[in-house]
4 protein chains.
Amino acid sequence: MTLPTPLTGVIPPVCTPLTPEGEVDTASLTSLTDHLVTAGVDALFVLGSSSEAAYLTDAHRRTVVETVTGHVAGQLPVLAGVIDMTTPRVLDHVRAVTAAGADAVVATAPFYTRTHPAEIERHFRLLAERATTPVFAYDQPTSVPLKLSPDLVLTLARDGVITGLKDSSGDEGSFREVLVNSRALPGFSVLTGSELTVDSALAMGADGVVPGLGNVDPEGYVRLYRACRAGDRERARAEQERLCRLFGMVRVGDPARMGGSSSALGAFKAALHLRGVIACPVTAEPQVPLSAAEVERVGKFLAGAGLL
Amino acid sequence: MTLPTPLTGVIPPVCTPLTPEGEVDTASLTSLTDHLVTAGVDALFVLGSSSEAAYLTDAHRRTVVETVTGHVAGQLPVLAGVIDMTTPRVLDHVRAVTAAGADAVVATAPFYTRTHPAEIERHFRLLAERATTPVFAYDQPTSVPLKLSPDLVLTLARDGVITGLKDSSGDEGSFREVLVNSRALPGFSVLTGSELTVDSALAMGADGVVPGLGNVDPEGYVRLYRACRAGDRERARAEQERLCRLFGMVRVGDPARMGGSSSALGAFKAALHLRGVIACPVTAEPQVPLSAAEVERVGKFLAGAGLL
Amino acid sequence: MTLPTPLTGVIPPVCTPLTPEGEVDTASLTSLTDHLVTAGVDALFVLGSSSEAAYLTDAHRRTVVETVTGHVAGQLPVLAGVIDMTTPRVLDHVRAVTAAGADAVVATAPFYTRTHPAEIERHFRLLAERATTPVFAYDQPTSVPLKLSPDLVLTLARDGVITGLKDSSGDEGSFREVLVNSRALPGFSVLTGSELTVDSALAMGADGVVPGLGNVDPEGYVRLYRACRAGDRERARAEQERLCRLFGMVRVGDPARMGGSSSALGAFKAALHLRGVIACPVTAEPQVPLSAAEVERVGKFLAGAGLL
Amino acid sequence: MTLPTPLTGVIPPVCTPLTPEGEVDTASLTSLTDHLVTAGVDALFVLGSSSEAAYLTDAHRRTVVETVTGHVAGQLPVLAGVIDMTTPRVLDHVRAVTAAGADAVVATAPFYTRTHPAEIERHFRLLAERATTPVFAYDQPTSVPLKLSPDLVLTLARDGVITGLKDSSGDEGSFREVLVNSRALPGFSVLTGSELTVDSALAMGADGVVPGLGNVDPEGYVRLYRACRAGDRERARAEQERLCRLFGMVRVGDPARMGGSSSALGAFKAALHLRGVIACPVTAEPQVPLSAAEVERVGKFLAGAGLL
């Protein structure tokens with residue numbers, strides 16, 4: 001389907017439910033999709049960082065896109081991540097997700113290799129040249145060597161290379177520079193990946209939000225988005241603060257025993273399992289599973305937010 | 001073929017010649033392989049960082065392994081990199097390169113994702129469990145979030161998880177800690193990835209060397225290795241210092257215009273082209289090509305080292 | 001004087017005008033103080049990063065505090081940075097700035113040395129134990145090895161160790177976690193150091209703002225603060241966006257020729273000089289001066305914002 | 001006294017013994033100086049990183065330099081660190097340590113501030129212009145934002161700005177580039193700060209070594225240096241490997257409880273205390289003390305190396 005111009009609203013990065021054997025659990029993925037669509041989200045983003053895209057094989061990735069696009073059947077747009085190291089590898093993913101039905105692709109700067117702003121620019125220009133869907137730039141400086149500078153994003157936006165920005169940098173100053181300077185580009189979509197500052201991002205002029213925590217509480221983010229759009233700042237702030245407290249779940253994992261991804265993605269999946277949305281909370285290897293006590297703490301966060 | 005235990009000698013990380021269209025130039029790859037084998041190297045390492053593995057599609061990677069293993073036909077061992085973000089994706093590469101004939105696989109710590117020593121350990125244990133060839137650990141801290149600590153390397157070595165270490169960290173203190181403490185593990189192979197400290201690494205007890213510059217001057221590294229093994233320290237040092245000066249070519253690229261990979265890999269390929277080994281010096285996208293003046297400077301480095 | 005509890009409002013980090021010889025230009029510093037006080041700011045912060053504290057000798061620092069506290073003579077509070085590597089050295093600065101009349105001190109985590117959250121906590125506890133004025137924590141992760149985590153800030157706040165936080169991390173998610181969780185600590189002051197997100201920081205509940213750009217346009221930040229407090233979000237946003245455009249001046253310096261400090265602090269001082277507030281725009285060594293063309297671009301930013 | 005040209009040999013970075021109250025223990029410092037001089041070291045380096053310079057007040061620093069220069073009374077050269085953030089502050093230390101009798105100063109690149117190679121160059125040129133003693137560059141990239149590039153070091157060496165390099169980067173490739181390219185500068189002194197690669201650094205052509213562990217076992221480093229100079233490589237390697245095992249003491253501290261400085265400097269001081277050289281093993285605030293069990297492990301390292 002054709003994307004709205006600009007793309008707006010709540011666009012959760014869809015978690016990828018796995019079986020105990022580490023295969024994609026398509027029944028749970030369908031159930032999670034229904035959970036999100038029923039809550040009123042505006043689009044879906046599969047194969048992002050919160051989807052464990054870095055942990056999914058090419059076969060898994062294809063299954064994910066086909067399952068979700070097949071299930072939503074054009075009811076709402078599906079964006080797909082094409083996360084890989086450099087242009088030739090990313091282009092293979094662009095072809096694969098497009099064939100599997102994705103409506104747009106979301107690409108990061110190159111990684112693993114030592115890179116340079118000129119090479120990042122070249123990367124996005126080549127992707128746009130060869131992709132048959134719109135290309136979103138994914139600013140994810142904790143995963144790649146270089147942050148996308150506002151100047152680079154704005155140049156690519158003005159030249160029509162990218163259709164939007166998904167900013168997961170957490171750097172609101174830089175985010176705002178893009179917002180203030182892209183006013184004259186009405187179709188350009190600026191999305192925040194931060195779970196914690198949706199109200200302020202929208203107040204600054206952001207078009208939408210891509211919250212990992214939106215898997216767990218999509219109704220919350222939809223209410224938050226609508227309160228913001230309705231200009232009801234106090235209700236928005238109260239909803240946002242409830243979600244901020246819920247977000248504390250990402251730190252349940254013991255940092256002496258596991259990394260940030262194991263903790264945060266483990267918590268999201270544990271929450272989806274506790275809420276009955278997915279069949280199994282397992283995360284992909286080599287992430288370390290949460291302990292029973294840590295899962296119990298996830299349950300307390302859910303209860304505290306009125307979700308259990 | 002079965003790897004020598006430990007693997008020793010000069011093991012160049014083989015560059016991947018490309019056509020102007022960005023496909024693998026198998027004729028040039030065969031020619032480069034001959035150039036290396038004729039010079040007397042002890043094994044070949046394909047799909048490493050110097051091979052632009054991060055820029056090669058899965059199809060390119062398969063072509064590379066098949067071309068090289070087919071051409072050397074068991075004359076000497078071929079190690080293959082399996083560079084990807086996490087365990088499930090790396091395992092796909094393990095299967096692919098093994099099917100294509102590789103004698104061992106070389107894997108880094110996970111990247112893109114936020115990781116943790118416990119997850120790195122789990123990653124290597126899973127790889128070893130499922131691989132049918134020996135697994136080498138590749139310490140490459142400029143490309144991945146975490147350096148492999150000597151303690152982790154030694155634990156994995158003692159448990160038979162890894163067969164060797166390819167250390168490209170440039171951290172000789174840490175390298176030496178592995179060497180001093182792996183004496184009791186006679187089959188364990190410790191290889192340095194540094195072009196500039198081969199004589200001292202071998203004097204400390206390293207088993208072999210994996211020099212990117214060895215593509216350009218394999219005879220030089222073979223002479224250096226043999227002089228070290230023969231105990232002729234003065235000849236070794238003179239050869240090493242000649243190679244240090246030659247290595248200056250990696251900085252010909254203008255840092256205002258390109259990244260370190262564009263410059264270093266561009267210089268290696270320009271040198272191979274100038275020496276008549278490969279048909280075309282192009283590097284993969286989105287790397288920036290060297291200018292004519294920069295290529296000319298590569299030529300001067302070659303002339304200065306007696307190679308042109 | 002006793003600080004308001006909590007400290008609120010616009011608290012510019014006062015630039016340090018220098019003579020061509022690199023000494024503190026006390027006449028210009030007095031003039032700059034008047035420029036700020038007249039604009040209606042609520043307090044002054046001397047010896048912060050924007051004050052070039054890292055470049056000022058101990059004698060310079062003493063002169064700065066004495067000049068400003070002497071000149072404002074208790075009309076409004078003066079906070080002073082005590083930026084140094086570790087506890088014993090910071091304590092010397094605490095004694096010096098307190099003797100010179102500062103009403104509160106602002107300290108970063110330790111730097112130069114490899115540090116640890118437990119050591120950062122110990123550092124602030126020791127400072128609070130020995131200081132006779134309130135202690136603010138200064139979160140400045142581009143200058144020190146470790147960011148202050150929300151948990152650490154909240155622990156120190158609850159225990160009465162720190163009186164407030166000056167957050168220059170640019171990480172609004174973490175900032176919000178502090179805000180949401182410090183509601184129950186009514187005297188605790190949360191200040192943002194970001195020039196670009198003052199409206200949203202205040203909407204989230206921040207108590208005040210410490211904008212380097214506030215040297216150049218204090219009236220703008222005072223208007224912005226008052227519009228936010230009055231609930232006039234649209235006027236606030238328009239003012240903030242004008243200031244965002246003005247902030248572009250920090251990038252006038254050529255990155256091939258100078259670092260970020262030379263460019264940003266050079267631009268602030270050039271702007272103060274062009275506006276007639278200070279006598280000389282020189283920055284401290286070894287910062288690189290802006291070129292005439294770069295200064296001209298600063299003038300254009302001022303003109304664009306209606307300040308020249 | 002005039003420094004030898006080039007400065008060569010074993011030059012330990014002298015630990016700073018403290019009293020339980022955190023003051024400089026001058027009696028222990030004298031005793032430690034005797035311990036080092038008696039062992040046959042060639043010069044002393046006070047106020048380096050291993051001296052806890054980052055933790056010493058200006059008064060402490062003066063006491064250290066006066067105590068050591070007064071005690072050695074010209075028997076051997078004393079170099080002094082002038083570790084601070086930027087040029088004006090470093091120049092104050094240059095004046096102070098020179099007045100207190102230091103024969104040369106050792107300066108890092110600027111830190112705390114965002115910096116640039118052009119600013120680092122300017123920094124060293126200004127220091128050399130104003131210092132009355134020789135200036136050594138201290139490459140310490142774990143403490144400052146930017147590593148000193150070989151090109152910058154060589155430019156400063158050729159222009160007579162710096163008299164030598166103390167390389168604590170651990171990057172032997174870069175170290176070797178300096179060595180190979182500074183052959184034509186016979187008075188320029190290249191010193192390694194690595195405890196673990198002294199034999200190979202000297203084999204490459206280094207002039208001397210500045211080992212923190214040399215506080216604990218100066219005789220070992222003197223034997224190692226002399227074996228290298230005598231060309232007795234096997235004895236050198238055996239001595240070096242004994243010292244490598246002893247160096248394991250730097251990791252006795254629990255990383256969940258303290259940082260690397262607390263552990264390494266705590267271990268060196270515990271060892272000096274166990275060997276009877278200093279009266280009290282305390283380290284400066286906010287470093288975390290080693291536990292009794294950790295100190296016991298230091299004792300085992302000493303026993304294993306034949307030092308207890």
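This is a predicted model: local features need pLDDT of at least 70, side-chain atom pairs count only at pLDDT 80 or more; totals for chains, interfaces and linings use all residues.
# Strands, cores and chain pairs

User: How many bridges do E6 and E7 of chain D pair over?

Analyst: Four, in the parallel sense. E6 covers residues 164-167 of chain D, and E7 covers residues 189-192. Two strands count as paired if DSSP finds at least two bridges between them.

User: What order do the strands of that sheet take in chain D?

Analyst: The order is E1-E8-E7-E6-E5-E4-E3-E2. These eight strands form an open sheet, with parallel pairing.

User: Which strands stand at the edges?

Analyst: E1 (9-10) and E2 (44-46) of chain D. Each has a single partner strand, so one side of each has no neighbour in the sheet.

User: Switch to chain B. Is strand E4 mostly covered or mostly open?

Analyst: E4(B), residues 104-108, is mostly covered, with five of its five residues buried. Buried means under 20% relative accessible area, exposed means over 50%, and partly exposed is in between (1.4 Å probe, protein chains only).

User: Which residues sit on which side?

Analyst: B:Ala104, B:Val106 and B:Thr108 are on one side. B:Val105 and B:Ala107 are on the other.

User: What does E4(B) pair with?

Analyst: E3(B), residues 78-81, pairs with E4(B) in the parallel sense over three bridges. B:Gly81 has B:Val106 as its bridge partner in E4(B). The chain gets from E3(B) to E4(B) through helix H3(B), residues 87-99, in a right-handed β-α-β crossover. Right-handed means that, with the strands pointing away from the viewer, the path from the first strand over the helix to the second runs clockwise. E5(B), residues 135-139, also runs parallel to E4(B), joined by four bridges. There, B:Tyr138 is the bridge partner of B:Thr108.

User: New topic. Which residues touch the most other members of the largest nonpolar core?

Analyst: C:Phe124, C:Ile162, C:Met249, D:Phe124, D:Ile162 and D:Met249, in a core of 224 residues. A nonpolar core is a set of buried Ala, Val, Leu, Ile, Met, Phe, Trp, Tyr and Cys residues joined through side-chain atoms within 4.5 Å. Another core, of 223 residues, lies apart from it, with A:Phe136 and B:Leu91 among its members.

User: And how does chain A lie on chain B?

Analyst: A turn of 180 degrees and a shift of 0.0 Å along the axis give an RMSD of 0.0 Å. That is the relation of a two-fold axis. Copies are superposed by least squares on C-alpha atoms of residues with pLDDT of at least 70 in both.

User: How much area do A and B bury between them?

Analyst: About 3800 Å², with 55% of it on carbon and sulfur atoms. Buried area is the accessible area (1.4 Å probe) that two parts lose on being put together, summed over both. A:Arg89, A:Tyr112 and A:Pro286 supply 21% of what chain A buries against chain B, more than any other three residues.

Note on methods: Residues are numbered from 1 along each chain as its sequence is written. Chains are lettered from A and ligands numbered from 1 in the order in which they are written. Side-chain values use heavy atoms; hydrogens and water are left out. Helices (H or I, at least four residues) and strands (E, at least two) are DSSP runs, numbered from the N terminus.
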